[in-house]
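Work through these exercises with the model open. Each task is followed by a stepwise solution.

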Amino acid sequence: MLQNNQLWTADQFEFEVQDGSVHYVVNLAHRTCNCRVWDIKGIPCRHAALGITYKRDNLENFTGNMFKKERYMGAYSYIIHPIPDLSFWPQDVDVNPTNLKLPISKRLVGRPKKSRRKEPGETTVVNRSNLIRSKKCNGLGHNSRTCTGPQVLPATEVNEGSCGEINQSQISATISISLAVILQRIRGTKRKDQVDSSQPSPASSIP
């Protein structure tokens, strides 16, 4: 039952009930309420119950007939005949497992579908092994023959992990190789300068 709520009467059958901040209109003659609980369940809602008790009437008078004792007793007033055992049932000679046949299958027009129907909102999972990659622009979805993108210069091959992260060990190895090449070139240049300085110049050999 509603407490601390207001009720306004329009006439003896129509009321306005305030439930919190929402106002509901109850019509006892039509047995309706804006909350629709009375219409669906057949039992007066709490807004209708407030109007019924305000009139000092009985709630059972506004309840559906299917909830009354008389309707329940009338439904089970007929006799329920007993059923014999399955072995005593009569045999149907026209229908038995020996003469049952499969239904005639009819081939539909068009190529049969192999993939199942997707549910609404279900996303299609793309197999990464079936993706085509262009060797020209390194893009997905096309090959190098149909590629219209710019040419990508070949770079040092690096291993990528499952999340596309570059292998740090291979980067360190590439940097160490580059530093070794640079040091070797610097040492070769110093040795050449030392050899050139040790040889006498043509001008100093003339007496």
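**Exercise 1: helix α2**

Task: find which residues of helix α2 (residues 46-54) are buried, and what they pack against.

Solution. Step 1: in α2, the buried residues are His-47, Ala-48, Ala-49, Leu-50, Gly-51 and Ile-52. Buried means under 20% relative accessible area (1.4 Å probe, protein chains only). Helices (H or I, at least four residues) and strands (E, at least two) are DSSP runs, numbered from the N terminus. The model is predicted: local features need pLDDT of at least 70, side-chain atom pairs count only at pLDDT 80 or more, and totals for chains, interfaces and linings use all residues. Residues are numbered from 1 along each chain as its sequence is written, and side-chain values use heavy atoms, without hydrogens and water.

Step 1: the buried residues of α2 pack against β1 (7-9), β2 (14-19), β3 (22-27), β4 (32-33) and α1 (37-41).

Step 2: just after α2, Arg-56 has a positive phi of about 60°.

**Exercise 2: Ser-134**

Task: state whether Ser-134 is buried or exposed.

Solution. Ser-134 sits in the loop between α3 (69-75) and α4 (168-198). Its relative accessible area is 1%, so Ser-134 is buried.

Definitions and conventions
Buried < 20%, exposed > 50% of the residue type's maximum accessible area, 1.4 Å probe, protein only. Contact = heavy atoms within 4.5 Å.
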